[in-house]
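Please describe the fold, the nonpolar core and the surface of this chain. A short report with one table will do.

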Amino acid sequence: MTLALRITTPMDLVLEAEGLAAVRGADASGGFGIWPGHAEFLTVVGASVLSWRAAGAPWRFAALRGGVVRVIGGTRVEVAC
């Protein structure tokens with residue numbers, strides 16, 4: 001099982017990635033990690049850095065000016081900025 005990540009703004013689809021092993025982010029309570037099979041999750045993030053990686057691949061990064069992160073079905077992570 002892997003994760004799919006989608007980052008969107010009101011104007012555009014910024015990123016669509018599949019086959020991910022992990023996604024990391026931070027909200028007001030601190031840092032969090034999302035792995036395949038993660039429980040349903042919804043949080044608001046401020047200005048922060050979101051990171052993700054496929055198995056055996058280096059971490060990749062995106063700067064966020066704020067938004068909402070949602071985990072759906074333990075396999076999809078959606079970020080609306």
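Helices (H or I, at least four residues) and strands (E, at least two) are DSSP runs, numbered from the N terminus. Read along the sequence, this chain has the pattern β-β-β-β-β-β-β-β, with eight strands and zero helices. The model is predicted: local features need pLDDT of at least 70, side-chain atom pairs count only at pLDDT 80 or more, and totals for chains, interfaces and linings use all residues. Residues are numbered from 1 along each chain as its sequence is written, and side-chain values use heavy atoms, leaving out hydrogens and water.

Two totals for the chain are listed here.

| Quantity | Value |
|---|---|
| C-alpha trace of the chain, span along principal axes | about 30 × 25 × 20 Å |
| Accessible surface of the chain | about 4,700 Å² |

Accessible areas come from the Shrake-Rupley method with a 1.4 Å probe, and for residues only the protein chains shown count as cover. Carbon and sulfur atoms hold 57% of the chain's accessible surface.

Buried means under 20% relative accessible area, exposed over 50%, and partly exposed in between (1.4 Å probe, protein chains only). Buried residues are 37% of the 81 in the chain. Leu 42 lies in strand β4 (residues 41-45) and is exposed, at a relative accessible area of 61%.

A nonpolar core is a set of buried Ala, Val, Leu, Ile, Met, Phe, Trp, Tyr and Cys residues joined through side-chain atoms within 4.5 Å. The largest such core has 18 residues, and Leu 5, Ile 7, Val 23, Ile 34, Trp 52, Val 77 and Val 79 touch the most other members. Strand β2 gives the most to this core, with four residues.
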